[in-house]
Amino acid sequence: MAKLEISTKTGKLEKPAEQWGNGLEFLFSCISLSVGLGNIWRFPYIAFQNGGGTFVIPYLIALLVIGRPVYYLEISLGQFTGRGVVKAFDMAPLLKGVAMGQVLATAASITYYSSIMALTLRFLLASFSYELPWSCCWPKWGSDCYNGSDQNRSGKMSPAQLYFEREVLHEVPNIDNGLGLPNWELVACLAVSWLIIGAVLIRGIKSSGKAAYFLGVFPYVVLLILLLRAVTLPGAIDGIIYFFKPQWRELLNPLVWYAAVTQVFFSLAICFGTLITYASYNNFNRNVYNDIVIITTMDSCSSIIAGCITFGILGNLARETGNSDIGSVVKGGAGLAFISYPDAIAKFEYVPQMFAVLFFLMLFVLGIGSTVGMGSCILRVIRDQFGQRSPPIWKLASGLAILGFSVSIVYMTPGGQFILNLVDFYGVSFTALILAIGELVAVAWIYGVNRFCEDIKFMMAIETGWYWRLCWRFITPGLMTAVLIYMLLDMSALKYKGVGYPTMAHVFGCFLATLGLIQLPGWAFYAVYKKRRQPGSFWQRVRAACKPSDSWGPANIQLDASI
């Protein structure tokens, strides 16, 4: 028996499109995409910035009523259409700007995710030293550093923090006088990272599917080793209690809920178009319901494990520095993972170099899984747009790698972490929340929940329960809208480690946000304009632009046939 495909456009048998080798490849690829840097790198520092346990409760709530429903929606939508995220929005052309905005947010994300990979590679190379360079104080750090023999550690910083900020980043206290020149060592690491990303993208989806078996399993082995070490450190229990014990008053802070909702986007890789792209390579009739439960459960467990490791280490640092306030042990920021994890590894009694290599190799592997998913999304959109006239995959992947490397160099400067924080807020998190609301409106209200559930039934032969219907139509968009409104009302000027940004930085940030959000009215106007020849009023043309386009529907349906 061989698999044939019937095109819903021509009704003829066609050559099968590029697909996953089997269901396990899809499952592990989604795990490596979702359980990535968003969990191990981003979750701990966002939780630290928002009060530990105060953040965990909104995060778990958002995971249940936003994360899982949107994950199910995007996987089902991508599998049904068999196309990338932009073509998938042919179901509601009026809101195709949602898809374009998500692609731009993905493009912004892949630039700074690759910079995290560069930092990881820099630490990985340093891990082969005879003595880990962040395990002891350097003479040039003077009295800013504490070591094991110091009695008075108040106001001092750990060797891991000083190594990261002064030797790796060469971080400046502010960017009022510019960003500084890129660090050539980090630029070299960035180049290697993009070479690997480009190579995997050139090999295509089947290659990344085979690699996903390793990418999806290896990180858990290293995480469990680090967890066992972290919880046995003196004072670790205090940090873990801080991680789980909420400050109930802060639960009313809308910024905490905003951080929780946007972190769910990063943890599960939803609302960026990547899941729709991965699902588009699935067999049309695959039942993905169990996959969704497995992936979202593993994702949340990974975040909690990463949080326990980080806060256990912070509890240990608090005891060593004599600081009773765990929330002020370090300044936080996007580099928290490069302070807390290395500090714990340096405390391993036997061959800490081996564990350092394992950890940073794991972090680099996670980066590959995340960035390849983002890159696949961008390339799929381009290939869908050009169809048969699309350039070869190697040209597209090479072009993306060169462009991504060129843009990412800005993060390799002494002020690079300021820019990362800026791009993350304005260009990704803020726009992603608004676009996510638009996505739910497009599917649940314009296309219609009942019609979408009929598509799922036609595709997978299962009924959609009331929980999913309620979430898609009311609960998920309602909660996200409430969080957005309260966040806007309570929003203050963006800061990095308590340091403000110059005016021009905010102007640039607003430009990034505008670039993503202007896609909504821009594409809506274009959709209505295309209906200009239809008779009737303006509002009738708007209603016509809400209806699925002629190209909407499954791209191809697999059937078994004898050859």
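Which residues form one aromatic cluster? Select Phe123, Trp134, Trp138, Trp141, Tyr163, Phe164, Phe338, Tyr341, Phe359 and Phe360, and you have that cluster. Rings of Phe, Tyr and Trp (its six-membered ring) pair if their centres lie within 6.5 Å; planes under 30 degrees apart are stacked, over 60 edge-to-face, and the rest tilted.

A note on what you're looking at: this is a predicted model, where local features need pLDDT of at least 70, side-chain atom pairs count only at pLDDT 80 or more, and totals for chains, interfaces and linings use all residues. Numbering starts from 1 along each chain as its sequence is written, and side-chain values use heavy atoms, leaving out hydrogens and water.

The whole structure holds 50 aromatic pairs. Go to tryptophan 20 and tyrosine 281: they sit edge-to-face, 6.2 Å centre to centre with 85° between the planes. The pair ties together parts 261 residues apart in sequence, because tryptophan 20 lies in the loop between strand S2 (13–14) and helix H1 (23–34), and tyrosine 281 in the loop between H11 and helix H12 (289–321). (Helices, H or I, at least four residues, and strands, E, at least two, are DSSP runs numbered from the N terminus.) Both residues are buried, meaning under 20% relative accessible area, while exposed is over 50% and partly exposed in between (1.4 Å probe, protein chains only).

Last stop: cysteine 271, in the loop between helix H10 (254–268) and helix H11 (274–279). Its phi is near 65°, a positive value in a residue other than glycine. Cysteine 271 is buried too, at 1% relative accessible area.
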